[in-house]
Amino acid sequence: MRKIAWIFMLFVLAVASSYGQQTTSTQKNNQEKQKGLKDYYSTYFPIGVAVSPNALQTDEATLIKREFNSITAENAMKMGPIHPKENEYFWEDADAIVAFAQRNNMKMRGHTLCWHNQTPAWMFVDTKGDTVSKEVLLKRLKDHITTVVSRYKGKIYAWDVVNEVISDQEDEFYRQSAWYTICGEEFITEAFRYAHEADPQALLFYNDYNEIDAVKRKKIIQLVTDLKAAGVPIHGIGLQGHWAVNEPSADQLEKTLSDFVDTGLQLQVTELDISVYSKEHSGRESRPEDEHDVFTTEKEQQQMEIYKLCFELFRKYKKHLTGVTFWNVSDRHSWLDNFPVRGRKDYPLLFDQNLKPKKAYWEVVKF
Ligand code: GLA
């Protein structure tokens, strides 16, 4: 009888211990499932995403909270949307995004205070429709920057102050924008000064694309070096990182990062996406020979390799890289669905249209 009791007890203990093991492994699996990009990279840099206020009302919000610890407003803080008329600001969308970041303990990047695109038409003309003077334009820029930066003081830790002023033409330094034609280069230094006055704690960035191109990179470096030398409050360079399955190469990206590190400024990748089509820099209409709606196994593989390469190098440069932000959440929607080819679907992100991690995701977190 005693023997039977012993056997019974041993059996109960064995079942209990295997149950215990199962619970711990289930807990571990659950934890693993809950883990997001931000957790894998917690000792490297914050991982951000550009959002619309709409995305925060959908199932994308759950994914954003799980995966990211920094956000940028995709459009809501650009001059046109936020300052549609001289005496009228539209705060609703930007406020909603800032509130979401605060509620969820996320960092918030501000984008962008001065750009040649998405600028409101009133900015450059007077009531008669004539081009305004440099003095008037700088005053408008100051009012804009002071108002926007002050509103989010202490809530936005870093601002893209000036976006894309370097020309894409090899033999031209500055982009010939309305800002430049009216003010000359002074609008750049002034923009940084106005932003710094409004929030002395905010980190201020110069942000640009095609920074992997040696000629353009040299000009960007020249610009930020001159700004620093002139005592302009600039703290970082934003590398937009709109790349594709055919670029950058490992050497090109390594050289890009190391050249920018030499400026002594901090770096952030501010608008990362990897198009599944070869890189084209100008917008155009669709052509019969364009491939449409194709995310083939081959493209999936190429995209995975570029993502893997990028993050390997990002990790290598973690001392200088203080953030990596994706431009849009998932392949459901991206600005690349309409650029460079209007109406051509692209698949540039780490999450598919059902918000599931793609193969590239697993390469990014495997290290
Ligand atoms: C540039 C801008 C971004 C965004 C992208 C395309 O990179 O900095 O704000 O408009 O173009 O969406």
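Modeller: Here is the helix, followed by the residues around the ligand. Keep in mind that this is a predicted model.

Start with helix α9. It covers residues 214–229, which makes 16 residues. At 1.5 Å a residue, the helix should span 22 Å. The C-alpha atoms at its ends are 22 Å apart, so expectation and model agree.

Now the two ends. At the start of α9, Asp213 points a side-chain oxygen at the backbone nitrogen of Val215, to within 3.2 Å. After α9 comes Gly231. The phi of Gly231 is positive, near 80 degrees.

Next, the buried face. Lys216, Arg217 and Lys219 are among the buried residues of α9. Ile220, Ile221, Leu223, Val224 and Leu227 are buried too. What do the buried residues of α9 pack against? Two of the partners are helices, α8 (186–198) and α10 (250–261). The others are strands, β5 (203–208) and β6 (236–239).

Turn to the ligand. The residues around it include Lys78, Trp115, Gln118, Glu164, His242, Glu271, Trp327 and Trp335.

- His111: an N or O atom of its side chain is 2.5 Å from a ligand oxygen.
- Gln240: a polar side-chain atom lies 2.7 Å from an oxygen atom of the ligand.
- Asn163: here the distance from a polar side-chain atom to a ligand oxygen is 2.9 Å.

Taken alone, the ligand exposes 300 Å². The protein buries 90% of that area.

How values were computed: Residues are numbered from 1 along each chain as its sequence is written. This is a predicted model: local features need pLDDT of at least 70, side-chain atom pairs count only at pLDDT 80 or more; totals for chains, interfaces and linings use all residues. Side-chain values use heavy atoms; hydrogens and water are left out. Helices (H or I, at least four residues) and strands (E, at least two) are DSSP runs, numbered from the N terminus. The expected span of a helix is 1.5 Å times one less than its number of residues. Buried means under 20% relative accessible area, exposed over 50%, partly exposed in between (1.4 Å probe, protein chains only). Contact means heavy atoms within 4.5 Å. A polar contact is a pair of N or O atoms within 3.5 Å; within protein, one must be able to donate a hydrogen and the other to accept it, and residues adjacent in sequence count only if both atoms are side-chain atoms. A residue is near a molecule or strand if one of its heavy atoms lies within 4 Å of it. Accessible areas come from the Shrake-Rupley method with a 1.4 Å probe; for residues, only the protein chains shown count as cover.
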